[in-house]
Structures are given as structure tokens and as C-alpha cells.
Amino acid sequence: MDIAIPLFDRFTALDAVGPYEVLSRLPGARIHFVAAAPGPKRTETEMLTIVAERSLADLPHPEVVVVPGGFGTRELMHDAEMLGWIRAAHETSRYTTSVCTGSLLLGAAGVLDGLEATTHWLEVDALRDLGAVPVRRRVVEQGKVITAAGVSSGIDMALLLAGRLAGPEIAQAIQLGLEYDPEPPFDSGSEDKAPKEIVELVRASAAQLA
């Protein structure tokens, strides 16, 4: 089973690596990091580089697509090659998924037309302009299209996807193997829970990186 994770400069590391850690443990899974051109792609913090060993053209019809987010998605909103690849891959995929602002690329490719979808809380409203019905849930499943909210929710999405692909027992075994049992020291993991000053701090930081 070929699983494609397209990379680009300024992607968010955990958006790609979180689902990779889950899905790479599926029986028969082959994870491929792909890009418009093979080579190193740097994260938005410029502190980590992951090599895309294959081009988009090398893998036109993966069974599963996982589109990560990051500030680099903004530069790809009108990129004919990336959007064309997503559109064509979706036609034959078993599942087309995204993490964080990766859903903006799904929307720009026309994949989310009329579907409920989510993304990072800072960009949820942007989904409406791309034809989707924006919702504030951690993971949204609409047939074979699954979108995840910000960054860490990609692990939740991947576990849901693992259950759909290989059954709940395999998914639970993967979860246990990863010891994914979050107990964060702070209860500020959503806009609704975080103190107002923390929300504004994140908004300001995002504006500087954009």
C-alpha cells in the first residue's frame, strides 16, 4: 500500500512526521515523501530538513494521500503542479487526508467542495472560501476525505485512518506501541481553553512567520 506525503519548503514537521510514525507501522505500508522535485525540504522553523526521495510524477496514484500543512501552503494555493497532483491522486485514492493547513490545499484542488472540513484554528474560516463547510473538530471524516485540525491532531487522524485501513485492533496496537496517551501539563491546547493573552501571542507569532 503506497502512502504519499507531499513535502514543500516551510512545511510543519509534525504534520508529516506524526502521521508517518503511525502509518509506517501498518502491515504492507510503504511511505513515500514526495515533492515537485526530489530533494531536501526545510520546515517552517528552518531547523529540520526531510528529503523527498521521489517526485510527484513518480507516484501519481497512491492509495493514501496525507497532505501536511505549514506556512509553505500559502505559496502553493495556486500552484498548478501540486494542486493538479492532489486532484488526480484523489480520483483513485482510497483515502485523501490532510493535517492542519494541508486542508487549504485540498480545498484549492477542489477536493473539499461541499464537505465538512477542519484545519488549524487560525485558518478555519478560510475553508469556506475554498468550497468547504468549516467545522471546529479535531478530526473530520467525510467518506474517503479526512481532515485534521492543527499539527498534533495529525496523530489522531492517522490512528483513525489506521483503523479504517487495517482494523481497530491494529490501530490500537500502534497507539500502544507509540504510547500515545497525552497528559499535557497545561490545558491550553485549543482557542476555547487558552487564556486570551496566549491566544493573542500565538496570533502575533503566526503573523510574523506568514
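Thr119 is in contact (heavy atoms within 4.5 Å) with Cys100, Thr101, Ser103, Val124, Leu127, Ala148, Ala149 and Gly150, leaving aside neighbours within four places in sequence. This is a predicted model, where local features need pLDDT of at least 70, side-chain atom pairs count only at pLDDT 80 or more, and totals for chains, interfaces and linings use all residues. Residues are numbered from 1 along each chain as its sequence is written, and side-chain values use heavy atoms, with hydrogens and water left out.

**Around Thr119**
- Thr119 sits in the loop between strand E8 (116-117) and strand E9 (133-134); strands are DSSP runs (E) of at least two residues, and helices (H or I) of at least four, numbered from the N terminus.
- Thr119 has 1% relative accessibility and so counts as buried (under 20% relative accessible area; exposed is over 50%, partly exposed in between, with a 1.4 Å probe and protein chains only).
- A polar atom of the Thr119 side chain lies 3.4 Å from the backbone nitrogen of Thr101.

**Aromatic pairs**
- The structure holds two aromatic pairs (Phe, Tyr or Trp rings, the six-membered one for Trp, with centres within 6.5 Å; planes under 30 degrees apart are stacked, over 60 edge-to-face, the rest tilted).
- Phe8 and Phe11 pair edge-to-face, 6.4 Å centre to centre with 80° between the planes, and both residues are buried.
- Tyr20 and Phe33 form a tilted pair, because their ring centres are 5.7 Å apart and their planes at 40°.

Definitions and conventions: A polar contact is a pair of N or O atoms within 3.5 Å; within protein, one must be able to donate a hydrogen and the other to accept it, and residues adjacent in sequence count only if both atoms are side-chain atoms.
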